[in-house]
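Here is my note on the model. Please read the points with the structure open.

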Amino acid sequence: MAAPLSAAAAEPAARPAAAKPPANAYFVASNGTVYGYGRNVDGTWLPAVPVGTRMTAPPGAPITSARMSDGTPVAFFVGDDGAIWGGCRSLWRMTVANLLKPGTPVTVAVTPNATMLVFSDGQGQWSDVHVESEIHHPCDVPGGPPPPINAEPLPGTGHVPGGTIAATGLADGEIGVFAVDVDGAVHATWRAPDGDWSDTALTANGASLPGGGIAATVSATDGSVTLFYSNRAGQVVLAQVAEGAGLRADPTPVPWAVAKIPEGAALAAVSSSLGTDVSYIAQGGTAIDLQTDTADGWKNAVTLSPAGFAKDGSPVAVTASADEVDVYCGTAPGVPGHFGVPPHTRGDVSWRPAGAAGLVPPMGVITAS
């Protein structure tokens with residue numbers, strides 16, 4: 001008679017890695033644990049579950065994510081130990097402890113050859129880290145202690161400590177980093193493919209709110225960069241950005257009388273083959289999705305929720321595909337979830353919760369890619 005199988009042998013053989021899910025969302029929960037949720041390869045939606053158990057961060061702390069060139073989702077945050085944590089299918093400690101203040105906002109930009117993290121210190125000085133060369137490829141967990149980091153300072157002055165930074169990577173290796181300075185002027189800081197940085201003011205002073213919400217996205221059709229920020233009238237403004245320089249056209253505020261965005265509130269944007277979606281939580285707690293066409297013209301305004309649905313100005317995230325736009329946020333009672341939006345039509349909008357009340361802190365950051 002054949003010998004009995006050992007416990008290890010009795011388990012089914014490891015299956016090949018599953019295809020990458022169409023969308024992944026992350027947030028730091030009220031207990032400081034990183035949670036993730038999203039759409040599975042078969043189209044079903046997975047509930048929010050802890051991503052790891054060894055790391056924690058301040059509840060609701062900033063967390064950022066993007067897609068690698070091959071489509072793999074990658075996420076980063078600064079944990080309670082002051083180290084940068086991140087990775088692809090698992091999150092691991094990438095740096096020594098006490099590198100940054102716990103919960104420091106970090107922003108990621110991905111090009112075919114580089115994954116760049118951008119962050120600012122308590123004085124507003126921006127720095128960047130080339131993840132592959134300074135740390136390690138984010139999808140390969142190394143052995144041994146993390147390496148020392150020599151963050152590179154970026155040009156530009158007048159940055160707001162803790163202010164919002166948006167960043168995006170281009171197919172040619174160029175990276176754009178965007179923010180509103182202390183005078184309310186929108187700035188673009190560009191990294192050329194050869195590594196040189198330059199800084200350009202895109203608007204006059206007072207165009208936006210110092211350090212306020214800003215979002216950038218790269219067109220899925222022509223590779224151009226579109227920027228969104230809010231003005232002092234509570235409108236979202238669309239700006240077509242010229243790579244490495246100024247603007248391709250005058251900025252245009254949203255033309256419809258939609259619910260206003262609170263001062264400095266978070267914006268999230270994404271492009272698809274249909275155009276661009278930019279989302280926010282308006283005054284009164286209403287979730288809004290604004291849509292453009294592929295020529296960067298305003299197209300639709302979609303009210304996703306009733307008033308009071310979420311906390312005014314609370315963070316959102318957005319992803320898009322040819323069949324669905326998804327807007328992620330937490331409700332006023334702290335339930336994580338997302339809105340499924342018919343792509344660039346005025347069809348029915350559905351809310352899908354992904355967890356229990358109280359899981360998302362009142363102004364907790366949610367990121368998705």
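1. Cys-329 is buried, at a relative accessible area of 0%. Buried means under 20% relative accessible area, exposed means over 50%, and partly exposed lies in between (1.4 Å probe, protein chains only).

2. This is a predicted model, where local features need pLDDT of at least 70, side-chain atom pairs count only at pLDDT 80 or more, and totals for chains, interfaces and linings use all residues. Residues are numbered from 1 along each chain as its sequence is written, and side-chain values use heavy atoms, with hydrogens and water left out.

3. Mean pLDDT (the predictor's confidence in each residue, from 0 to 100) is 89 for the chain. A value of 70 or more is reached by 93% of the residues. Treat residues 1–20 separately: pLDDT stays under 50 there. For that stretch the model has eight contacts (heavy atoms within 4.5 Å) beyond four places in sequence.

4. The whole structure holds one disulfide, meaning a pair of cysteine sulfur atoms within 2.5 Å. Cys-88 and Cys-139 form it, with S to S at 2.0 Å. The S-S torsion is about -70°, so this disulfide is left-handed. It links distant parts of the chain, 51 residues apart. Cys-88 lies in the loop between β6 (84–87) and β7 (92–93). Cys-139 lies in the loop between α2 (131–135) and β11 (152–153). Helices (H or I, at least four residues) and strands (E, at least two) are DSSP runs, numbered from the N terminus.

5. Ser-272 sits in strand β20 (residues 268–272). Ser-272 is buried, at 8% relative accessibility. Leaving out residues up to four places away in sequence, Ser-272 touches Ala-220, Ala-320 and Ser-321.
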